[in-house]
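Dear colleague,

Please find below the structure that I am handing over to you.

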Amino acid sequence: MNVGILTFHFSDNYGAALQAYALRRWLMEQGHHAHFIDYRPAHIEHGGRLSLPTSPAKLKANLKVVYLAASSFVHQHFGHQGQKEKFDRFREHFLGIPGDATPTDNDASLAAAQAFDLIVAGSDQIWSPSQHFGFDPNYFLDFAQSFPARKISYAASFGRDRVSASEAAQLPRLLRHFDAISVREASGVTLVERATGQKPANVPDPTLLHDDYAELTEQAPSADADPYIFCYGLRSPDNIRQTADLVSKRLNCPIRSPHNPHRRWVEIGNTVYPDPAEWVALVKNARFVVTNSFHGTVFALLFRKPFIVAGLTGERATANARAINLLRAVRLESRFTPGFSAQNVQTLMAHEIDWADVDQRLAELRQAGDAFLSTQLRAAAPQYAERGVVQ
C-alpha cells in the first residue's frame, strides 16, 4: 500500500526528524511504501500572518509571530550552515526527501494525498495549539475528509496535559474525520475521550517502535574515547544547567550540548553540531545523560544510559507531561526532578536503574504500537483492493 505521513518532517529539530524516520522505517519494514505529505505551514516555524491587534490575546499572538519570524530569519541567514546542510542530507538519505527540496504549494501537496491508501497523522506535537494560530485543522486531516483513504492518527501529541475551554470545544469537530485515533500521552487519551466519547489507543512514540538504531549510529563518525556528559536542553536553561554542571563535576567529565537554534541563553558546556544520526550516536556513547526533552529521555532509555530528566519550570512546566508519561510507563518517575536539588541529583546518580525491567516495559509499549498499526494496515487493505491494485 501507499501510506502518507503528515507530520513535522521539515523541521530542523532532532525529535521531529527522528520520530518521522522511525514511523516511516516501521511502515517500510512491513513492506509498504511510505511518503511524507509535504505540508509546511508557515505558522509552525516562520510565524505566519499578523492579525489586527483588537485584544490583548491577539497582541500577544502578534508578538509570537514576530518572534518566530525573526528567529527563522536569523537561523536561515546567520545560523550554523553546516548543521542545516546536515539536516538536509539526513532527510534525503533517511526520509526520502530530496536534499534540494523547497517549500511547495501547500494546497497542491494536500490535494496530492488523494493517491494514498492510508493517511497517518503523527506523531509529534501536531495537535498542540499554538499561541498565535491555535489548532491547525490540516493536522486533524480536515483536508482529507472526502478522500477514500483510511485516516488514522499515530501517537499524536497535544504537547501538554490540558487545553483551554475554547480549544476543548473545537476538538469534537476536529477529530471527526478519523477512522481510528491513537495518542502518545495518557493526558491525550483523556482529552480525546472527553471530545469524542470514545477512548483512543495509547501508543508509544514511533522512536520506541525500534530497539536497534545501528542504521543511524553506524553512519556517525567514530566515537571519541574520552567520556562526556550528554546534555540536551530545550525551552529553558533553568534546572538543567545546574543539574548538568553538578553531574559533570561529580564524574569529572566535560559536557557536550547539541546546538539549539532557538536557544536564548549562554551555552551549557561545549556546543556541538550533529545531524540527527550523530545526535543518536552521542546519546549512545555518553557516560551520563541530562535532558529536559522527551526524545532525549527516549534514547537514554533505549541505550540504557544513566540519566536525569531536569524538568522545565514555571509556565513551561506543562510541557513536562510528555517525559513524565514515558517515565511513568517504565516505572522511573523518580528520574524526573521538578527543580534543582544537589542532594537529589547525587542520590539519583548513585541509584542503579533496573534495566531488565525497563527493557520489558519498553517491549510492552512496542507491542502496543505494533498492534495498533498492524490493525490499521489490515483495515485499510479492503480499500486498497477496491482501488484495483489487488485482484
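Does arginine 304 count as buried, partly exposed or exposed? Arginine 304 counts as partly exposed, because its relative accessibility is 42%. Please bear in mind throughout that this is a predicted model.

I begin with the salt bridge to which this residue belongs. The side chain of arginine 304 meets that of aspartate 359, with an N to O distance of 2.5 Å. The two residues are 55 residues apart and the pair links distant parts of the chain: arginine 304 lies in the loop between α11 and β11 (307-310), and aspartate 359 in helix α14 (residues 355-386). Aspartate 359 has a relative accessible area of 28%, so this residue is partly exposed as well.

Overall composition

The protein has 14 helices and 12 strands. Of its 391 residues, 53% count as buried. When contacts between residues at least 6 apart in sequence are considered, 77% of them join residues at least 24 apart.

Other salt bridges

The structure holds 10 salt bridges. In general terms, side chains of opposite charge can pair when their charged atoms come close.

One of these bridges joins glutamate 29 to arginine 25, whose closest N and O atoms are 2.9 Å apart. Both residues belong to helix α1 (residues 14-29), where they are four residues apart, about one turn of the helix. Arginine 25 counts as buried because its relative accessibility is 15%, under the 20% cut-off. Glutamate 29, by contrast, has a relative accessibility of 49% and therefore counts as partly exposed, since the cut-off for exposed is over 50%.

Aspartate 161 forms a salt bridge with arginine 162, and here the closest N and O atoms are 3.1 Å apart. Aspartate 161 is partly exposed at 33% relative accessibility, whereas arginine 162 counts as exposed at 51%.

Salt bridges also link Asp12, Asp88 and Arg91 in a network.

Helix packing around α10

Two packed helices are described by the angle between their axes and the distance between the axes. Helix α10 (residues 276-285) packs with helix α11 (residues 294-302) at an angle of about 55°, and their axes are 9 Å apart. Because of this angle, α10 is oblique to α11. The crossing of these two helices is right-handed. On the α10 side, Trp279, Val280 and Val283 make the contact, while α11 contributes His295, Gly296, Phe299 and Ala300. Sorted by class, this contact has five nonpolar and two polar residues, and no charged ones.

Helix α10 also meets α1. The axes of α1 and α10 come within 10 Å and cross at roughly 100°, and the two helices are therefore roughly perpendicular to each other. In this contact, Tyr14, Ala17 and Leu18 of α1 meet Pro276, Trp279 and Val280 of α10. By class, the contact has six nonpolar residues, with no polar and no charged ones.

Yours sincerely

Notes
Residues are numbered from 1 along each chain as its sequence is written. This is a predicted model: local features need pLDDT of at least 70, side-chain atom pairs count only at pLDDT 80 or more; totals for chains, interfaces and linings use all residues. Side-chain values use heavy atoms; hydrogens and water are left out. Axes are lines fitted to C-alpha atoms, for helices over the stretch in contact, and angles run from 0 to 180 degrees between N-to-C directions. Angles under 35 degrees count as roughly parallel, over 145 as roughly antiparallel, 65 to 115 as roughly perpendicular and the rest as oblique. A crossing is left-handed if the near helix is turned anticlockwise from the far one by less than a right angle, and right-handed if clockwise. Contact means heavy atoms within 4.5 Å. Ala, Val, Leu, Ile, Met, Phe, Trp, Tyr, Cys and Pro count as nonpolar, Asp, Glu, Lys and Arg as charged, and the others, Gly among them, as polar. A salt bridge is a side-chain nitrogen of Lys or Arg within 4 Å of a carboxyl oxygen of Asp or Glu. Buried means under 20% relative accessible area, exposed over 50%, partly exposed in between (1.4 Å probe, protein chains only).
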